[in-house]
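Hi,

Here is the structure I promised to pass on.

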Amino acid sequence: MRNRLGSLIAVSALVFAACGSSTTTAAPSVAPPASTAPGTSVASTAPESQAPIPIDITATKYKAEAVGNRGGTLVLGMSGDPSTAWTNIYDTFANDGEAFGPSLWGLWNNTNDLKYYGQLATNVPTVTNKGVVLTGSKMDVTVNMVPGANWSDGQPITCDDVIFMWKWQLDPGQDAAGNVQGKTGYQDISSIDGAGTTTCVIHFSKVYEPFLGLFGPLLPAHYLKTVPVADAIKKLYVDTDLKSAVWSGPYMPTAWAHDAQINYVPNTQFWTTIKKSAAPFDAVTLKLYSNTDTEIAGFVNGEIDAALEFNQNNIAAMGKVAPASIDKVASVTYEQHSWNYASLTKKFGAAGAKALMEALHYAYDKDAINTTITGGAVTPTCNFTNDQAWFNDPNIPCYKHDADKAASVLAAAGFTKGSDGSLSINGTKVELLGCARADRQYRVDTLNLVASQIKPLGIKLTVKAVPPTTVFKGWGLIPADTPCNLTHGNFDVAEFAWVATPDPGSLYTLYSSQFDPSKGDHSGQNYIRVNNPDLDALLAITQTTVDLPTIKDALSKIQKLYVDPANAFPEIALYNWTTVLLKAPTLHNVANNGSASVQTWNLEDWWKDK
Amino acid sequence: MDRPLPPHDPPDERAVTEDLDPASPDYDVQLESMGQWEIAWRRFLRHRMALIGSVMFFGMVIIGIVGPFLFQYDFYNIPVPDVHVNAGRPPSFDHLFGETGRLQWDVLTLVVNGIRFSLLIGVIASAIGAVIGTIVGGVAGYFGGWTDTILMRIVDALLALPLLFVILVFTKFLGSGNWISVTIIFGLFEWLGIARLVRAVMLSLREEDYVDAARAAGIRDRRIIFRHLIPNAMSPIIVSTTLGVAGVIIGEAFISFLGFGVGFDTPTLGNILAGSLGFISQGNWWWAFFPGMAIVVIVLGINFMGDGLRDALDPKAKI
Amino acid sequence: MTRYIVRRLIGTIPTLFVVSLLIYSILLIAPGGPEDRFAQNPKVTAAALEAFRKRWGLDQPIPIQYCRWVGVCNPDGQGLGVFISNQGLPNFLPGFLGGGDNGVLHGDFGYSSSSGATVISLIGARVLPTTILAGVSLVLWVILALGTGVLAAVRRYGKADTAITIFNYVGFSFPTFWLGLMLIIVFSEIFRLLPSGGMWDARTVPIFGTDEYWKFAGSQPVTALLDLGRHLILPVVTLVFVNIAGDSRFVRAAMIDSLNQDFVRTARAKGVSERNVIYHHALRNALLPVVTNIALELPFLFAGAVATETIFSWPGMGLAYIQAVDNFDYPVLMGILVITAVVVVAANLLADILYAVVDPRISYG
């Protein structure tokens, strides 16, 4: 049970990782010089780079259908109890966002096709639309708030809220309260102009590329002010007193019975001052199941109108669901095999490791992984991007499954097959350790399948399942020789998922050589220990500019590098996850969202036939 | 693990005495000529359910020991599936119990290996529990006084906690994944009942003449406890340990279902079952059915057998 | 009698003290702590973690942490002053007598480390659902256990006895979660007859335990009861099926024992009808051990409901516990463990007293 929930614990943490952490980039030795030109050596690997084309990150295809019927109650289902109503601030589980995202809006959000749109802001600032102005290494962002918008208690939503929330996030009291967002991004803001108005100018002291992720959600200053910062988690948005809390989104929670149900009513201030129409539902009810299998049974049984929070691993359990009700979309989360380049180098030498890595890329049969492990529920992917991401370059070639090529690459590098069929180089047998969380059978299965795919090459891969905390625990929190710990690099290959964002800055802490967890303060997530100066230079671009064409160009080169045999990149992306929801045929405007935003992202547009 | 064991079934008076005619003059002589264990053995053999239970249990034990060598597939060398059927394939001549979803593993191979590990976990955990329980109960009962008070307070206190809750915390934060650590965690919490039993026997034996005599002869306490007293407490220890095996197997299955149990690289009946549940509504019943039945057969066998043992070993029972 | 009860009551204090120590040390031995939920979040810096630990008092020596949690020590005190409340008297006294207001002794289980809600409010809402599920199961299970146990005893070694014995043992051998999921698949997914989980219908019935619910139950008692009943069927069947074995066997044993007693033989010899013998003489005599046994089993029922609650999304204590384990929510874990331990100790006490009251042979001087 709780597979989905459990996976979210691991994954949700990585969301933060993937949101591009400038907390960890703050160290001067780490920050790349701002003057670094988009590297000369890099350009040589991509001679065909074309002139920048204008990029519109707001060009969504989503269009809500007009509401055809009003009234009634919408009943949603989800598995697992959210941990707190403080979406994205003090929460633990990603399903908290599903439950409370529609109640507290941010400045911006992502559509179902990974484009950006304003929630409480009317503009999505970019360099092109002059919303972002770069002066030297500094950056000013202009935010136009929805004019006349009110909080649920009738107070106006203005820049005062933005200013107060910025300071509130940076308050030292937040550490003790366990703020999961951290100070990332907020600490790069030097000041905010526009107090009392709805046009705010946020002054950043340095370029902070993922700024569109800040202020999600925006919190009401007048409500936050009522208690000291350190007491906020105890006294505000309390589960037993949701009615007295202040909200901004279309439906606000009124009662929460843990592990059972959350009730919502329309936020009249939202409907009169922001949406300026009547709410399609009189009430929304969220029924909480304790596991995904019974949630599916509940949907089949007609207990709920829509069932949320599934992924490709739940599709097998949907045998009794009408196929038309199953709504699947590719997620930004991608399942991948992280190969430990440092460990391979240590075992087989620099040249050996490179050849082995290249051969592995050819040896993987991703189609077989897809059909066997997920029943064809996903699309195999070549690299870390989602096809819909604005920075994705669709013209990048892919490794093709080719076992013979893999064998010849190995032979050319001096690997020989012994009489017992085992591969070795300079007397060292190729025997590898594969790691996965003990409670994820599909990962153990995938590694076993890969083991069988590379066995004909003479490679022996032993699969080990370990507790989730063993896999991810940080440097000082676990003995250095613990097998399968990623931070200490005690593995050859590990399977887990990265939650990418619709924003490319996240790659920096994953692939930059500065973020090798063996180095510095050990907080980096370059578990694969890739150390490539070209890559470092390209990644630096994503940290020093917000000019979208420049970023896209750099990303295209990174994508190319990722699949270039000459680089033998030590990460093998398997597939993008599939985000799944079940919806009754009577529901309209349900648009499953595979981005970091939630499946209930456009709840204000949903309506139901009579 | 999470429920009380069935209480003692009163001994079947008809059983052993049938072939001994109380009217015959040799009745007492015949009785005396049988050793304690021989009487127990004969009583056990007369207990029909106990026999059936033993056949079920030891049948499973034999399958667990030799099974993995007999079948054509080796758990650690699963062949690559030739045709990919995510839902698995139903029982056939090649695969008597069908094939699992995803990797198309032979369910029979899985179940046979699962029986091996589930039994290993159950037996080792219960054995650890029996050893700890015997030592704690023995020491408490023999020395009495403060030692007894403190130890029994701890036992009382631990009995006041739902052990499943405690085990959950430990497996989640410490041991999940590795079957050895899961076994040890179960073992560390399986000894309470046995400690109480052993202590009760000790208390009643402590004042016996032969113990006094041994003490007077200057024999060390440790020797008295382990050479003279513990053997007298063997019967309840055996019964309780046997029943404990069933409790651990069911408990492990539940922990696996919650995702805190033994990792999927080591097959146990619990995690095979847990892995299969999502596939049932696709029509794949065989993956869940066979490991489930294996658990039922083992636990049923143990309970039948435990009941028989209890009657057979009960010294107070008439024969 | 009063002296006996008082003595037994005082006797529970050391047990509860050891229980609290054990709960504390168990959670201390378990690696990590509430901060473990940030273990994978690089945005939470080392400094923030340190501040978080300080906020939860985890930087203090363990005896002090324990002492504060129990409520003997005052978190505001320094040095030896920790034992003195802000009112200047020993901290362990109740608030109105000049003691402190922190710690388990003062009913303060602290705040959930993941949601910030008070532990009392989180657990409080779970008591009634668990009591309803456990209570209904208990009543049904006692009736069934008595029925089958008596029948099995009267027809000892007959076909009915064998059938009941086998049924009992088979039920006992089923993994609860497996049985529960099978029932859900059959009765809600395939036949769509019964709800797949939860305690009330989310579409038509207000949240259980709220004022709206009681208003609804007051105006439409039949609908409310039927709805609750529908949701109870599958979990109760599961709980009863796997738990009945113990009591049914126990009743059988007690009944056989009492049928062999002299007074039953005398009654039979006097020509009392067999029916009368069984129901008036033997059963009455057999009830005593059965009733005390059930009091002792209460805690198992509460704990055993964990599996049932997790399968059937029943918003009780067991589910709360599992949620807290997932969240590394130590304060909630400790709260639930303390409360269950108190219930268990109270049930044991009740069983003892009950036994002493009913059985004249026990001397309680």
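Let me start with a hairpin in chain A. The hairpin of S4(A) and S5(A) has 2 residues between its strands, and A:Gly136 there takes a positive phi near 60°. Helices (H or I, at least four residues) and strands (E, at least two) are DSSP runs, numbered from the N terminus. S4(A) and S5(A) pair in the antiparallel sense over 4 bridges, where two strands pair if DSSP finds at least two bridges between them. In this pairing A:Thr135 stands opposite A:Lys138 of S5(A).

Before going further, some ground rules. This is a predicted model, in which local features need pLDDT of at least 70 and side-chain atom pairs count only at pLDDT 80 or more, while totals for chains, interfaces and linings use all residues. Residues are numbered from 1 along each chain as its sequence is written, and chains are lettered from A and ligands numbered from 1 in the order in which they are written.

On confidence, the model scores ipTM 0.88 and pTM 0.87. Chain C averages a pLDDT (the predictor's confidence in each residue, from 0 to 100) of 83, and 95% of its residues score at least 70. Within chain C, helix H7 (residues 211-219) has the highest confidence, at a mean of 93, and helix H10 (residues 274-311) the lowest, at 76.

Strand S5 (residues 138-144) and strand S7 (residues 199-204) of chain A pair in the antiparallel sense over 6 bridges. A:Val141 stands opposite A:Ile202 in S7(A), and A:Met139 has A:Phe204 as its bridge partner. Contact here requires C-beta atoms, placed from the backbone, to lie within 7 Å. On S5(A), A:Met139, A:Val141 and A:Val143 form the covered face, whereas A:Lys138, A:Asp140, A:Thr142 and A:Asn144 form the uncovered one.

How do chains A and C meet? 50 residues of chain C are in contact with 56 residues of chain A. The largest share of chain C's side, 6 residues, comes from H2(C). By class, this side has 24 nonpolar, 17 polar and 9 charged residues; Ala, Val, Leu, Ile, Met, Phe, Trp, Tyr, Cys and Pro count as nonpolar, Asp, Glu, Lys and Arg as charged, and the others, Gly among them, as polar.

A:Leu581 is buried, with 25 other C-beta atoms within 10 Å; buried takes 20 or more, exposed 12 or fewer, and partly exposed lies in between, with C-beta atoms placed from the backbone. Not counting residues up to four places away in sequence, A:Leu581 touches several residues, including A:Ala306, A:Phe310 and A:Gln599.

Best wishes

How values were computed. Two residues are in contact if their C-beta atoms, placed from the backbone, lie within 7 Å.
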